[in-house]
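Dear colleague,

Please find below the structure I wished to pass on to you, together with its sequence. My notes on it follow.

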Amino acid sequence: MGDFVPPLGDWFWWVAAGALLMLELAAPGVFFIWLAIPAAAVGVLDMVFNIGWQLELVAFAGLSIISVYAGRRLLGKRHAFDSDRPNLNQRMLDFVGRNFVLGEAIVEGRGRLTIDSTIWEVQGPDAPKGARVKITGIDGLRFTIELV
């Protein structure tokens, strides 16, 4: 088997670690760093102990699993924070619980509501134009409303 797979050597792991770091810079997200760290560690192990390529691959696989798992736990805790604007990218959620005046009548359970010059579809009980309604929820891209 050694004839088919040349010995990887410590330089291979340093080059692999560098390539993974370059991928980390080029690709969005944080993932390749957790593979670059085990590659560099295997390079150090190979320099110190001169291990065979089979053990290098096993060490890289094991250290990669540990590194990715540790990285996910580390970043999971770091990004789990309370925001002062929790609905920043979910604009519709900002309107739930608020009252508005209908600009158009709701007929057969469907209608439209204008909020800040944006027209939103609504569903709820039939109501005439000018009725006060409260947004109680969201169903897909449609507000659920009730009469106030």
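**Notes on the predicted model**

Gly 71 lies in helix H3, which covers residues 53-79. Please bear in mind that this is a predicted model. With a relative accessible area of 0%, Gly 71 falls under the 20% limit and is therefore buried. Its C-alpha is 9.0 Å from that of Ile 33, although 38 residues separate Gly 71 and Ile 33 in sequence.

Asn 50, in the loop between helix H2 (33-49) and H3, has a positive phi, near 50 degrees. The relative accessible area of Asn 50 is 66%, so this residue counts as exposed. Ser 117 sits in the loop between strand S2 (110-115) and strand S3 (118-123), and its phi is likewise positive, near 65 degrees. Ser 117 is exposed as well, with a relative accessible area of 71%.

I turn now to the nonpolar cores. The largest comprises 15 residues, of which Phe 95, Leu 102, Leu 113, Ile 115, Ile 135, Phe 143 and Ile 145 touch the most other members. At least two residues of this core come from each of S2, S3, strand S4 (132-139) and strand S5 (142-147). Leaving aside residues up to four places away in sequence, Ile 115 touches Phe 95, Phe 100, Trp 120, Ile 135 and Phe 143. Another core, of 13 residues, lies apart from the largest one and includes Ala 17, Leu 35, Ala 59 and Phe 60.

With kind regards

Technical notes:
Residues numbered from 1 in each chain as written. Predicted model: local features only at pLDDT ≥ 70, side-chain atom pairs only at ≥ 80, totals over all residues. Heavy atoms only, no water. Helix = DSSP H or I, 4+ residues; strand = E, 2+ residues; numbered from the N terminus. Buried < 20%, exposed > 50% of the residue type's maximum accessible area, 1.4 Å probe, protein only. Core = buried A, V, L, I, M, F, W, Y, C linked by side-chain atoms within 4.5 Å. Contact = heavy atoms within 4.5 Å.
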